[in-house]
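Biologist: I am new to this structure and would like a close look at one part of it, the charged side chains along the helices. Could you take me through them slowly and keep the terms clear?

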Amino acid sequence: MKRLVTLAACAVLPILLTLACSPQKPAAPVGPQPKFNTDALPMPEFMGHVVDPASFAYWKGSGTEETAKGTKELAPTTEEGWEAMETAAAVLIEAGNNLQLPGRARAPDADWYRFAQALSTEAVLAKAAAEKHDKDGVYTEGAKLYEICTACHKEYVIDPGIRANGPAKGDPLPDWPADVAAKQKSYQPK
């Protein structure tokens, strides 16, 4: 009897191990599945209503500004100001995530995802600097955010525009105001 039980166990054990170790089909998802409605907000609107305002809000609170009265510090001076910086960075974190949703990517996809991930990663650091009220950190991380944004815009906006329309005709930049132009000339070697 012992031999019969042992023999049966030896015969069944490999079958059980095979079943236990073989890949299983994933269970069917329970509940409603996510639906991404990326068509509701085209990319120019997403940038204009989400990314740009958050970026400008963050950059507005970093660095210094030269005025006729001297150097003006742009870092927040109140808790509310620092909270606004954190909020701007948090929006950028989620904007980078949102740019990776199905239907958002532009060709080449790998570059698009790299820029979107870099935006989120850098915005995490920017938020941390704002949380610490670190004005130098906010400036440094804001500059890194700017580099990510301009590199992405060059690849997906500027270069395609030049390929489609050719280089800008004439001088696309307005002239400096007369007082600024005069000040610039005073800096030039004589």
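Modeller: Lys 127 counts as partly exposed because its relative accessibility is 22%, where partly exposed covers the range between buried, under 20% relative accessible area, and exposed, over 50%, found with a 1.4 Å probe on protein chains only. This is a predicted model, in which local features need pLDDT of at least 70 and side-chain atom pairs count only at pLDDT 80 or more, while totals for chains, interfaces and linings use all residues. Residues are numbered from 1 along each chain as its sequence is written, and side-chain values use heavy atoms, with hydrogens and water left out.

The side chain of Lys 127 meets that of Glu 131 in a salt bridge, at 2.4 Å from N to O; the term stands for a side-chain nitrogen of Lys or Arg within 4 Å of a carboxyl oxygen of Asp or Glu. About one helical turn separates Lys 127 and Glu 131, because they are four residues apart in helix H4; helices are DSSP runs (H or I) of at least four residues, numbered from the N terminus. Glu 131 is partly exposed, with a relative accessible area of 41%.

Glu 86, in helix H3 (residues 79-98), belongs to this picture too, since apart from its neighbours within four places in sequence Glu 86 is in contact with Lys 127, Ala 130 and Glu 131, contact being heavy atoms within 4.5 Å. Glu 86 is buried yet has no salt bridge, and Lys 127, its nearest side chain of opposite charge, is 4.3 Å away. In this count of charges Lys and Arg are positive and Asp and Glu negative, with His and the chain ends not counted.

Helix H4, which spans residues 109-131, also holds Asp 111 and Arg 114, three residues apart, or about one turn of the helix. Asp 111 and Arg 114 form a salt bridge in which the closest N and O atoms are 3.4 Å apart. Asp 111 is partly exposed at 21% relative accessibility, and Arg 114 is likewise partly exposed, at 45%.

In helix H5 (residues 135-165), Glu 141 and Lys 144 are three residues apart and so separated by about one helical turn. Their side chains meet in a salt bridge at 4.0 Å, N to O. Here Glu 141 is buried, with a relative accessible area of 13%, whereas Lys 144 is partly exposed, with 37%. The pairs described here are among the five salt bridges that the structure holds.

Note on methods. Helices (H or I, at least four residues) and strands (E, at least two) are DSSP runs, numbered from the N terminus.
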